[in-house]
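Let me put the structure up, and then I'll talk you through a few spots in it.

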Amino acid sequence: MTAPTILIPAYNEASVIERTLKHMRIGMLPGEFRIVVIANACEDDTAAIAHQAAPEAIVIETPRPGKTHALNIGRLAAPPGAPIVFLDADLDVTAESLRALVAPLLRGTALAACGRMDVLTEASSPIVRDFYRGWRLNPYFGRGKFGGLFALSHVAAARVFPLPNVIADDEFIRRSFSKAETAFVPECLFTARAPTRLSNLISVRQRTLRGARAIARMGRPSPEKGSGLAMARQLLRRPSEAYPFAVFAAVTAWTRFLLALEAGRAPARWERDMTSRVEG
């Protein structure tokens with residue numbers, strides 16, 4: 001059987017790519033996964049560090065920036081007929097979780113699969129920590145986190161590739177499959193790191209919301225409707241979370257206000273959080 005391919009697009013990820021690769025390879029059997037790192041428009045040592053951290057990995061360098069461009073290149077290095085795993089370069093996941101993630105695709109019971117995301121907030125300010133406590137009230141997480149890490153069968157990959165040039169690539173792919181076609185795999189756990197400051201969090205949320213709106217304009221509306229009301233119902237069952245919910249609501253409202261001020265203008269910069277990209 002052809003091994004699943006793990007695609008890791010990486011733009012200037014020298015500070016974290018070694019940690020990601022070493023963590024992922026713990027318990028990984030030789031030849032169990034095909035690892036492809038796509039260093040796109042990097043101005044640092046991402047490619048060299050990836051080579052050193054995972055000598056068996058295929059490391060592709062391209063001068064052209066863009067995550068979807070990197071994924072499209074990486075897909076060409078994936079053999080046909082096997083699942084494709086999408087992994088952001090700053091996340092931690094084990095081989096055991098990756099095994100669980102691709103299992104429903106190998107069985108043919110789903111086209112797409114996602115797992116559970118744990119957000120580390122120990123290094124974050126109190127208000128950022130409260131935001132993520134409130135964020136967790138969203139019932140969307142009852143079906144996992146389709147973003148940062150997910151997997152597609154080879155049939156599913158053919159539906160979405162080549163990827164268009166969009167900001168919210170994860171969201172574009174997520175909305176390409178129905179809930180019935182997507183498996184939530186609780187045994188798959190991966191870890192992200194939260195921004196440390198409120199300003200960084202707002203920048204990240206701006207990019208997320210801007211990308212989601214662009215996907216909706218492409219005719220792929222969000223499958224979650226009335227999520228605010230559903231979160232309010234969750235709050236009734238968990239009144240102790242009132243303050244985190246209020247923080248979440250306030251940050252969300254402020255983010256939407258800032259986007260309204262853009263009035264169709266392109267953002268001045270790419271809102272990428274570097275405070276969460278620390279070695280360790």
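Quick housekeeping before that. This is a predicted model, so local features need pLDDT of at least 70 and side-chain atom pairs count only at pLDDT 80 or more, while totals for chains, interfaces and linings use all residues. Residues are numbered from 1 along each chain as its sequence is written, and side-chain values use heavy atoms, with hydrogens and water left out.

On a 1 Å grid over the protein atoms alone, a cavity is a set of points where a 1.4 Å probe fits but cannot get out; a pocket is an open set with protein on both sides within 12 Å along at least five of seven lines, and lining residues have an atom within 4 Å of a point. Volume is the space filled by probe spheres set on the points, with points joined across faces, edges and corners.

Strand 1 (5–10), helix 3 (67–76), strand 4 (84–87) and helix 7 (169–174) each put in at least two residues; helices (H or I, at least four residues) and strands (E, at least two) are DSSP runs, numbered from the N terminus. By class that lining is six nonpolar, no polar and four charged, where Ala, Val, Leu, Ile, Met, Phe, Trp, Tyr, Cys and Pro are nonpolar, Asp, Glu, Lys and Arg charged, and the others, Gly among them, polar.

Next, the second largest pocket, at about 350 Å³. Of its 21 lining residues, Tyr140, Arg143, Arg174, Lys179 and Glu224 sit closest to the centre. Strand 8 gives the most, three residues, and the classes come out as nine nonpolar, five polar and seven charged.

Strand 8 (residues 182–193) also holds my threonine, Thr191.
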